[in-house]
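Me: Please take a close look at a single part of this model and tell me what surrounds it. A plain account will do.

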Amino acid sequence: MDKLIHDDKGNATISNDGVTIMKLLDVVHPVAKILVDIAKSQDSEVGDGTTRVVLFAGEFLKEAKPFIEDGVHSKSLYVVFELLPIWQLAKLRNLLRV
């Protein structure tokens, strides 16, 4: 789906490319800047899936928010998120054995 974006100078851009849209945003918040960087990295490495990785990262942030609000250190969450794929694969292998 194409999006029409107007900037403060009156320029209009029509695009359905996630990274193009992310580049046009005037981002101030540090986490939002990271999301833009994620989109740029995905585009340069793969060339597709920029919207998907931003949404995926957003979901990780949404799930992490309650833990951070409860005082869990972000490094602890990082370690858990890093181990999740390993745990998920082990769980899938156990399910396939049954």
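Reply: Thr50 lies in helix H3, in a model that is predicted. Is Thr50 buried or exposed? Its relative accessible area is 5%, and buried means under 20%, so Thr50 counts as buried.

The contacts of Thr50 come next. Leaving out residues up to four places away in sequence, Thr50 touches Asp17, Gly18, Val19, Ala39, Gln42 and Asp43. Val19 can also be read from its own side: apart from neighbours within four places in sequence, Val19 is in contact with Ala39, Lys40, Asp43 and Thr50.

Two of these names lead on to the core. Val19 and Ala39 belong to the largest nonpolar core, which has seven residues in all. H2 supplies the largest share, three residues.

For contrast, turn to a part of the surface. Tyr78, Val79, Val80, Leu83, Ile86 and Trp87 make a nonpolar surface patch of about 550 Å². One of them, Val80, lies in helix H4, residues 74-97.

Technical notes. Residues are numbered from 1 along each chain as its sequence is written. This is a predicted model: local features need pLDDT of at least 70, side-chain atom pairs count only at pLDDT 80 or more; totals for chains, interfaces and linings use all residues. Side-chain values use heavy atoms; hydrogens and water are left out. A nonpolar core is a set of buried Ala, Val, Leu, Ile, Met, Phe, Trp, Tyr and Cys residues joined through side-chain atoms within 4.5 Å. Buried means under 20% relative accessible area, exposed over 50%, partly exposed in between (1.4 Å probe, protein chains only). Helices (H or I, at least four residues) and strands (E, at least two) are DSSP runs, numbered from the N terminus. Contact means heavy atoms within 4.5 Å. Patches are made of residues with over 30% relative accessible area and no salt bridge: like charges are joined within 9 Å, nonpolar side chains (Val, Leu, Ile, Met, Phe, Trp, Tyr) within 5 Å. Accessible areas come from the Shrake-Rupley method with a 1.4 Å probe; for residues, only the protein chains shown count as cover. A salt bridge is a side-chain nitrogen of Lys or Arg within 4 Å of a carboxyl oxygen of Asp or Glu.
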